[in-house]
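Here is a short briefing to read with the structure open beside you.

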Amino acid sequence: MRVIGLMSGTSHDAIDAVGADIILRDRTIHVRLIGQLSRPYPDTLRSELIAAVPPGSIEMATVCRLDTAIGQAFADAADAAMGEFFSGSADLVASHGQTVYHWVSDGKTRGTLQLGQPAWIAERTGVTVVSDFRSRDIAAGGQGAPLVGLFDVLWLAGRPGRAAALNIGGIANVTVTGDQPVAFDTGPGNALIDAAVERCTGGTEHFDRAGMRAARGQVDADLLETLLAEPYYRAPAPKSTGKELFNRAYLERVLYGRTLSADDIVATVTALTARTIADALAPLHPTEVIASGGGTRNPTLMAVLGAHLDGAKLCTSDELGLPSAAKEATAFAVLGFLTAHGLAGSHPACTGARRAAVLGSITPGAAGCTLPAATTAAPRRLVVSHA
């Protein structure tokens, strides 16, 4: 199948799209990446989205407008990717949508909400769309996140030692392979770093470009210890979180009464991200950590993380042939492919669900919904190549 994968993460800055030729043969998923692109959200839409997510509160009219506008933006990205990678024709679009709320209570995920109405994508492209991947895993008792667990387990199958896939988006998550794989959100990735930069610049800057502020600043030991006291870090896996917890209001509460320079605050929350990732991985003893996501473009964060890892080799997914910026969109392209073939897209050991489930909802394309014949031969490996 020729699949377009669409993803926008918890940094909600852009829509990432990949085009992939995917085939399942001899219980191996072969993913041939044709190309990738990224479409920034229009400034006005991004501003309204930022105001809507926690700790903001909104009325239903705004939810409706955002669902439509985000769906149209995803449709634009899908159409551009289909034209650029597949000469205007594809078999499937897999759209993660934009997470605006992930409802976790007492360590259990109760629900999740991704906006970006898939009907706009199907109408614009004429292609069948798979969307709303997380809800089925949650209904089966899982966390609904991170959903890249199955992809990571298949992709890293056969690597020597114990491999850990790490994604540093707004929230950081890991998948660690082994006889009993485990996956969970470690805590903030870029979320508090971005919040600190926006706070210190009055919203004129949204992230720490090339980690320059963190490199200039000094880590405040007392602030770091206060941040590390957050109970989430000691909760057992599987677990998931989001900007419902780690947001600007959270940072403001911790900073109340403190007088620190802007760069020292950024340096401290950067150290927090590195420390909590390393602490979460330490009991799992990975021999290599393969990082992806926007955090890999922050050399200060990567250097601090590398220094905290206990003997594990740190590299990026690019070194394994999977572009860091395209990894999550590629994973959702694969999840859409699995859904189209009637195959489970979740791994119970990774999400905590009672069983593996076929994920997502299907929105038919212009010609209706003709899916491939279902198969019971679940994949065991995944191989990525390039056109």
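Asp132 is found in the loop between strand S6 and helix H4. This is a predicted model, and in it the phi of Asp132 is near 55 degrees, a positive value in a residue other than glycine. Most residues other than glycine have a negative phi, and most peptide bonds are trans, so the backbone spots below may be worth a look on your screen.

**Backbone spots in the loops**

- You will find Ala210 in the loop between H6 and H7, and with a relative accessible area of 39% it is partly exposed.
- The peptide bond from Pro54 to Pro55 is cis, with omega near 15 degrees; Pro55 is in the loop between H1 and helix H2 (60–86).
- A cis peptide bond also runs from Ala237 to Pro238, with omega near 0 degrees; Pro238 belongs to the loop between helix H8 (221–228) and H9.

**Aromatic pairs**

- How many aromatic pairs does the structure hold? There are six.
- One of them joins Phe133 and Phe332, edge-to-face, with 5.4 Å centre to centre and 65 degrees between the planes.
- This pair links distant parts of the chain, 199 residues apart: Phe133 is in the loop between strand S6 (129–131) and helix H4 (134–139), while Phe332 is in helix H12 (residues 327–340).
- Phe133 counts as buried, because its relative accessibility is 1%, and Phe332 counts as buried at 1% relative accessibility.
- Phe246 and Tyr250 form an edge-to-face pair, with their centres 5.3 Å apart and 70 degrees between the planes.
- Phe246 is buried, with a relative accessible area of 0%, and Tyr250 counts as buried at 7% relative accessibility.
- Ring pairs join Phe246 and Tyr250 with Tyr232 and Tyr233 in a cluster.
- What sits over the ring of Tyr232? The charged end of Lys239 does, 4.4 Å from the ring centre.

- Helix H6 (residues 191–201) is mostly covered, with nine of its 11 residues buried.
- Among the buried residues of H6 are Leu192, Ile193 and Val197, and also Asp194 and Glu198.
- Which elements do the buried residues of H6 pack against? They pack against helix H1 (43–52), strand S9 (182–188), helix H7 (212–216), helix H9 (248–255) and helix H10 (262–281).
- Gly202 follows H6 and has a positive phi, near 65 degrees.

- Strand S4 (residues 92–105) and strand S5 (residues 108–115) pair in the antiparallel sense over seven bridges.
- Val104 has Thr109 in S5 as its bridge partner.
- S4 and S5 form a hairpin with two residues between them.
- Asp106, in the turn of this hairpin, has a positive phi of about 55 degrees.
- If you are tracing side chains here, keep in mind that in a regular strand they alternate between the two faces of the sheet.

Technical notes:
Residues are numbered from 1 along each chain as its sequence is written. This is a predicted model: local features need pLDDT of at least 70, side-chain atom pairs count only at pLDDT 80 or more; totals for chains, interfaces and linings use all residues. Side-chain values use heavy atoms; hydrogens and water are left out. Rings of Phe, Tyr and Trp (its six-membered ring) pair if their centres lie within 6.5 Å; planes under 30 degrees apart count as stacked, over 60 as edge-to-face and the rest as tilted. Helices (H or I, at least four residues) and strands (E, at least two) are DSSP runs, numbered from the N terminus. Buried means under 20% relative accessible area, exposed over 50%, partly exposed in between (1.4 Å probe, protein chains only). A charge sits over a ring if NZ of Lys or CZ of Arg is within 6 Å of the ring centre and within 35 degrees of the ring normal. Contact means heavy atoms within 4.5 Å. Two strands pair if DSSP finds at least two bridges between them.
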